[in-house]
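Please look at the model below before reading on. This report takes its chains and a few of its backbone details in turn.

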Number of protein chains: 4
Amino acid sequence: MDVVEFRPEPSQYAWTFGGAAPVREVEPGSVMRLWCDDAFGGRIRSVSDLASASLDPRFLNPQTGPFSVRGAEPGDTLVLHLVDLTPARDWGASTLVPFFGGLTGTDRTALLNPPLDERTWIYEVDRARRTVTFVAGRSDLSLDLPLAPMLGTVGVAPANREVRSSLTPDAFGGNMDTPEMRAGTTCYLPVNEPGAIFSVGDGHYRQGEGESCGTAVEGAMDVTLIVDLVKAPAGPAPLWPRLENDDEIIVVGSSRPLEDAWRISQVEMIAWLGELLGLDRLDAYQLLTQVSLAPLANVVDTNYSAVTKVAKALVPGLRPHDGLHADLRDRALAVV
Amino acid sequence: MDVVEFRPEPSQYAWTFGGAAPVREVEPGSVMRLWCDDAFGGRIRSVSDLASASLDPRFLNPQTGPFSVRGAEPGDTLVLHLVDLTPARDWGASTLVPFFGGLTGTDRTALLNPPLDERTWIYEVDRARRTVTFVAGRSDLSLDLPLAPMLGTVGVAPANREVRSSLTPDAFGGNMDTPEMRAGTTCYLPVNEPGAIFSVGDGHYRQGEGESCGTAVEGAMDVTLIVDLVKAPAGPAPLWPRLENDDEIIVVGSSRPLEDAWRISQVEMIAWLGELLGLDRLDAYQLLTQVSLAPLANVVDTNYSAVTKVAKALVPGLRPHDGLHADLRDRALAVV
Amino acid sequence: MDVVEFRPEPSQYAWTFGGAAPVREVEPGSVMRLWCDDAFGGRIRSVSDLASASLDPRFLNPQTGPFSVRGAEPGDTLVLHLVDLTPARDWGASTLVPFFGGLTGTDRTALLNPPLDERTWIYEVDRARRTVTFVAGRSDLSLDLPLAPMLGTVGVAPANREVRSSLTPDAFGGNMDTPEMRAGTTCYLPVNEPGAIFSVGDGHYRQGEGESCGTAVEGAMDVTLIVDLVKAPAGPAPLWPRLENDDEIIVVGSSRPLEDAWRISQVEMIAWLGELLGLDRLDAYQLLTQVSLAPLANVVDTNYSAVTKVAKALVPGLRPHDGLHADLRDRALAVV
Amino acid sequence: MDVVEFRPEPSQYAWTFGGAAPVREVEPGSVMRLWCDDAFGGRIRSVSDLASASLDPRFLNPQTGPFSVRGAEPGDTLVLHLVDLTPARDWGASTLVPFFGGLTGTDRTALLNPPLDERTWIYEVDRARRTVTFVAGRSDLSLDLPLAPMLGTVGVAPANREVRSSLTPDAFGGNMDTPEMRAGTTCYLPVNEPGAIFSVGDGHYRQGEGESCGTAVEGAMDVTLIVDLVKAPAGPAPLWPRLENDDEIIVVGSSRPLEDAWRISQVEMIAWLGELLGLDRLDAYQLLTQVSLAPLANVVDTNYSAVTKVAKALVPGLRPHDGLHADLRDRALAVV
């Protein structure tokens, strides 16, 4: 098994999906050991580091990559199995960015209100106890919360020659900001450009559903993953990102308004249930209605992201690509 | 403890929140044993009963009630603790209603497409195994799913003299269609009119999050609940429905577009966290961002409903009204 | 021709569509001479009258009426022809209401920002020059603007037993806040309840499209109108409010998000073009695409309202109800 | 005065804003005589040419350009004055594209309905009478409509390294599809990249507001325009596209949902009124409320576009950049 190690210098960060030259070419089947900086490029380090003074909107969500996958062609499915996500720093940070977040006016929901006050919270990581600690800034509360590492961004080059900011989630994946993107998860993405040209970044040590204030417990991350590829004849590439873990199959839709993000994830799940179970479309709609879970991912990014999940325990036969996920889990055992 | 039993005749069904005369007055602290017809008024009984032939849009979601609560005044908080929900029939039904549902054009998302085909699914209830059985109509799949009884509608008379259809969810509760409304849950609603004037209905034997096709596994329900009242001086009434179970506190927001339903549930949860923990508003926003769950309730009704939840295990001190929920759980033990 | 005169006492104001007892029954064909108070009930009279101190949210948009129309039955079309709108006061008022308006967080677009500053503007009316005068509060600008009287609210009792606040626009008309509702306009509304039960109010001396800050130049109004009725066999009642003036046919859709308000107005216009021209549905869609105008009405109320208009000069044959509008224009000549 | 003539070969078409190499560098002050193919690349030529058979979604809205403007730097304002738009063919075409348009499910408003029927309409141009002729496909109607040439797309390279499809409207302009983009209009766009890198395309011989079915009367266009540049010190670059004609100043906002597109156009107009009149922000909000017009541009593209307009006749002093528009009108006289 090939092992690719890569820790980018700041000058090597990518800031887009598409449009950046690959830093490496990797073989399908490779194990990758990567390091990702946090969404702030490490520039928020104390409660006195405020967003407007410390951050440049052109330099957010630095990506590690992009990587070109040998043999990947449009119509194929890129497979990324997250083996391990380990915080690479002893602290994470969250901050209120002016005119950004779900409960304030923004550049899109353009209002006349001044921005909310700026504030930063720093979370200490306790690796032994696997916690991060919330410390209120203006109130007397300190609270240990379980560490729950995930990646905010996993994406490929977009279709139709587009280049999108690393802050954007869409059909190509990207900044979906869903807690489902955690170790043990397999992510299936459509290949739009030769080589797929994928990157990862935006580590979160923990995040609620919706990422309400716009920033999770942001932290640099050591990422171990396995890259694989499903060639086109083996089945149609997904239209939207599909995820799988031991317990569930998952689709992430991203758009605005939020109901459209949800609709996308639902229609793609109906297609997936049809492929996996041979179900008639309206039967799949009915079954979905009674069994799917619909947690939000983010309601803050340039597109909002909504998740549709179906539990394998409820619906037998949800075994995409002939059990590829189980196979990747096995391969992962040899890696860690 | 007062025990009120009520099984409405069809002529006694209410079809609105507000605007209907109370069928009973009840004392705070009363136990109520109620029967609710299903959302279709029992008119969908076989797979050949299709919506357009069997249903009259003026007669959907029949309500059991309304009930007047003695002593309830605007500004108070009505408390309804669901002790038990038991299917009252051996079958449930789900159907595709033309121009209704989340993945079709509707009277609001007005499009030129013809309606989806009409279809009905009947689910047999196995009380011993506690399952309902999905049987595909055009495919070869039969599947037992866990019974998970809940109420689609729980609501009071609206504010500002309004009378709303029993198909509508809003600040007064109503047709929220959230799976959180199950046995063991305490529901806190604002009192807008003297007596609160509440009703319940729309039993679901099971529902996914979002209620995608517009109808859950709809079924008549035997409902046992305890009514209580928190008088105004004890705290401000919630602006939006708040729920509590043994594990979580929950807010349901209802509006369109879906992001506004979510925003409402988030802002109300921030207010609630502030009340319970004495947290500064932006500290509560930050904490919420890292700990809240955001499952959808419905994306099909006249307003969409979104849920924000916070786990008691994550955040110590979430004990509304001095432990009223725990007290109701104790009282419920004496009831069943 | 019957002439009905009515000037309500404040105790006679209605605050809802539906749910209020008619103050008069009128014959189809009657001329009505009415007086409407402004949206504030006359309580904003100087720049020092601020909304939060002067207004009670339960008492906004007082309606003159409702009136019962003899012989009107569900399925019929109520016809209201606005003969004349004349300001009944020498000043109008506009004010910023906390958490209300298109460019601020609201009770629905719930955010954490504090409300915008409160401000009030008073506009003097110059009847001779037919102007209202804008005077900036914090800047050095005074500007005469043409008087352009219109009614914010014209509505009937809703369908399905609902009672809606006079702040709401929907299929029953109501608080549509469109500048199209001016003298010379004929308004066609569906009859949902026996007698139609219509009311008018919310005079605006002038308003831009969108009513951005939430309040137009609000002013009491003397209203002269003719009531008429199209009985059901003469054609299907409109699903949504239709308007006609000498130059255009117009549909108003009201919902959220704004694209749904627009979609409603478009689909109803396609239906209307089909009825008037015998056009195939997709041909009507195509024609609409190239000829319709789409000015916004309001983006501030509980539903947003969008307008679709088609010019009679562009499309010959737009002559609803055999020229009823022209006939009403003739009848109006005898009235003024 | 420099005169630049350019008629692209199909191999020279650009399909994006940003990401394509400039075909020419031009001096500020240059006159340009350009030819643009239609949105379909000329592939829809008869009513039997249907979209799914004739069109490739990767090759829509071919752009003429991009052009690099000498001396343009980020922060400057690009000025494009449309001198003349003349149909370059004797026919235009409009077609229903599956899953595209405002009144059907789409890739974003993802639904389970099958697509609408495919249809194409061909419009003959009568240059003498300045009309295009609508001919119904399934009904007996033929109708001459006034020719009203406009450009659907005018845009620059986006900010933040993005490359966007020529189907997208956003802050960089692009596929705004507003009828305001006609001869006699001056368009002000923010410069995001050195050289501005602008292109034009998507000629419409006529379009209603909203572009409901997704395609206007699409036609190749001869375009004459003057390029100019306002350097940064002369004033802040607009955040969003601003337009000016002899009668109005205009802002175009593009986003989803539609209310956000409108909010953007309103807030940018408030900023513009503040710059031009020295108006306090809330005074500008108030004035805007009473004087602005809000016609829709498109409710079909990847972002929706909404327009806010203020008439110069209503508000004296609306004279951006010291009368640059009037100067360009003078210069244009020398060109035609």
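The text below covers one interface, one symmetry relation and some backbone features.

This is a predicted model. Keep that in mind throughout.

**Chain B meets chain D**

How many residues does each chain bring to the contact of chain B and chain D? Chain B gives 13 residues, and chain D gives 13 residues. Together the two chains bury about 960 Å² between them. Carbon and sulfur atoms supply 62% of that area. On the side of chain B, L103(B), L111(B) and N113(B) lose the most area to chain D. These three account together for 48% of what that side buries.

Now sort the side of chain B that touches chain D by class. There are 8 nonpolar, 4 polar and 1 charged residues. For polar contact, it finds 4 residue pairs across the interface of chain B and chain D.

**Chain A and chain B**

What rotation superposes chain A on chain B? A rotation of 180° does, with 0.0 Å of shift along its axis. The RMSD is 0.0 Å. The two copies are therefore related as by a two-fold rotation axis. Among the residues of chain A, P295(A) comes closest to the rotation axis. Its C-alpha lies at 2.0 Å. Both copies use the same surface: 100% of the contact residues of chain A recur in chain B.

**Cis peptide bonds**

Two bonds deserve a look. The peptide bond from G65(B) to P66(B) is cis, with omega near 0°. P66(B) sits in strand β5 of chain B, which spans residues 63-69. In chain C, a cis peptide bond joins R256(C) and P257(C), and omega is about -5°. P257(C) belongs to the loop between β20 (248-255) and α2 (258-277) of chain C.

**Positive phi values**

Next come two residues of chain B. N160(B) has a positive phi although it is not a glycine. H321(B) also has a positive phi and is a residue other than glycine. The table sets out their values.

| Residue | Phi | Loop in chain B | Relative accessibility |
|---|---|---|---|
| N160(B) | about 55° | between β11 (150-155) and β12 (164-165) | 35% |

The class runs between the cut-offs of 20% and 50%.

Technical notes: Residues numbered from 1 in each chain as written. Chains lettered and ligands numbered in written order. Predicted model: local features only at pLDDT ≥ 70, side-chain atom pairs only at ≥ 80, totals over all residues. Heavy atoms only, no water. Contact = heavy atoms within 4.5 Å. Buried area = accessible area lost by both parts, 1.4 Å probe. Polar contact = N/O pair within 3.5 Å; in protein donor to acceptor, adjacent residues only side chain to side chain. Nonpolar A, V, L, I, M, F, W, Y, C, P; charged D, E, K, R; others polar. Least-squares fit on C-alpha atoms with pLDDT ≥ 70 in both. Helix = DSSP H or I, 4+ residues; strand = E, 2+ residues; numbered from the N terminus. Buried < 20%, exposed > 50% of the residue type's maximum accessible area, 1.4 Å probe, protein only.
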